[in-house]
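The sequence and the structure come first, and the description follows.

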Amino acid sequence: MDTAAKLEIHELLSRAAYALDEQDLDMLGACFAADAEFHMQIAGQPPIAPFLGLDAIMGLMRNSIATQTDKRRHVVSNIFFASGGEAEAQVVSNLTLFGTENGAIRLISKALYRDRVVRRDGRWVLATRRIELDLPY
């Protein structure tokens, strides 16, 4: 996998985090493939049933945003490529989720992302996102 592709994937992960923080659902939706899957596990709890397809994923995101009273910041870090090719890659990264409300910043949760990204129509998109949360958000 060449450096340009890795940089495009870094940009994809950052764009998805930014879109969530800014509640830009169009930008966020463009980060996922139409047939994407979203899997969620919260430490110590059974896995949540997967969200299959873009509509289901965006429903989860809309519902999550609707419950927020704070300003969120998703900080994605320690990105590395577990495997990579010209059209698909496995990417692992850390998430640190902060919220600001009433003049105070708090750590909401930490998580591990395990993403499968694919190149479709000349751009990289999230095909499978697995999030392993240390705490509920």
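## The sheet

Six strands form an open sheet in the order 2-1-6-5-4-3, and the pairing is mixed. Strands (E, at least two residues) and helices (H or I, at least four residues) are DSSP runs, numbered from the N terminus; two strands pair if DSSP finds at least two bridges between them. At the edges are strand 2 (48-52) and strand 3 (71-84), each of which pairs on one side only. On average, neighbouring strands of this sheet are turned by 20° against each other, direction ignored. Such angles run from 0 to 180 degrees between N-to-C directions, and the axes are lines fitted to C-alpha atoms, for helices over the stretch in contact.

The model is predicted: local features need pLDDT of at least 70, side-chain atom pairs count only at pLDDT 80 or more, and totals for chains, interfaces and linings use all residues. Residues are numbered from 1 along each chain as its sequence is written, and side-chain values use heavy atoms, with hydrogens and water left out.

## Pairing of strand 1

Strands of a sheet pair through backbone hydrogen bonds, either parallel or antiparallel. Strand 1 (residues 32-42) runs antiparallel to strand 2, and three bridges join the two. Met40 has Ile48 of strand 2 as its bridge partner, and Phe38 is partnered with Phe51 of strand 2. In the hairpin of these two strands, five residues lie between them, and Gly44 takes a positive phi near 80°.

With strand 6, strand 1 pairs in the parallel sense, over seven bridges. Phe32 has its bridge partner in strand 6, namely Leu126.

## Salt bridges

Side chains of opposite charge can pair when their charged atoms come close. The structure holds 11 salt bridges, where a salt bridge is a side-chain nitrogen of Lys or Arg within 4 Å of a carboxyl oxygen of Asp or Glu. Arg119 and Glu8 meet in one of them, at 2.9 Å from N to O. This pair links distant parts of the chain: Arg119 lies in strand 5 and Glu8 in helix 1, 111 residues apart. Arg119 counts as partly exposed, at 33% relative accessibility, and Glu8 is also partly exposed, at 35%. The classes are buried (under 20% relative accessible area), exposed (over 50%) and partly exposed in between, with a 1.4 Å probe and protein chains only.

Another salt bridge joins Glu88 and Arg116, with the closest N and O atoms 3.6 Å apart. Glu88 is in strand 4 and Arg116 in strand 5, so that distant parts of the chain, 28 residues apart, are linked. Glu88 is partly exposed, with a relative accessible area of 37%, and Arg116 is partly exposed with 25%. The closest N and O atoms of Asp115 and Arg129 are 2.8 Å apart. Asp115 lies in strand 5 and Arg129 in strand 6, so the pair ties together parts that are 14 residues apart in sequence. Elsewhere, salt bridges link Glu22, Lys71 and Arg73 in a network.

## A nonpolar patch

Val75, Phe98, Ile105 and Leu107 make a nonpolar surface patch of about 360 Å². Patches are made of residues with over 30% relative accessible area and no salt bridge; like charges are joined within 9 Å, and nonpolar side chains (Val, Leu, Ile, Met, Phe, Trp, Tyr) within 5 Å. Accessible areas come from the Shrake-Rupley method with a 1.4 Å probe, and for residues only the protein chains shown count as cover.

## Positive phi in two loops

Gln23 is not a glycine, yet its phi is positive, at about 55°. Gln23 lies in the loop between helix 1 and helix 2 (25-30) and is partly exposed, with a relative accessible area of 41%.

Asp121, also not a glycine, has a positive phi of about 50°. The loop between strand 5 and strand 6 holds Asp121, which counts as exposed at 83% relative accessibility.
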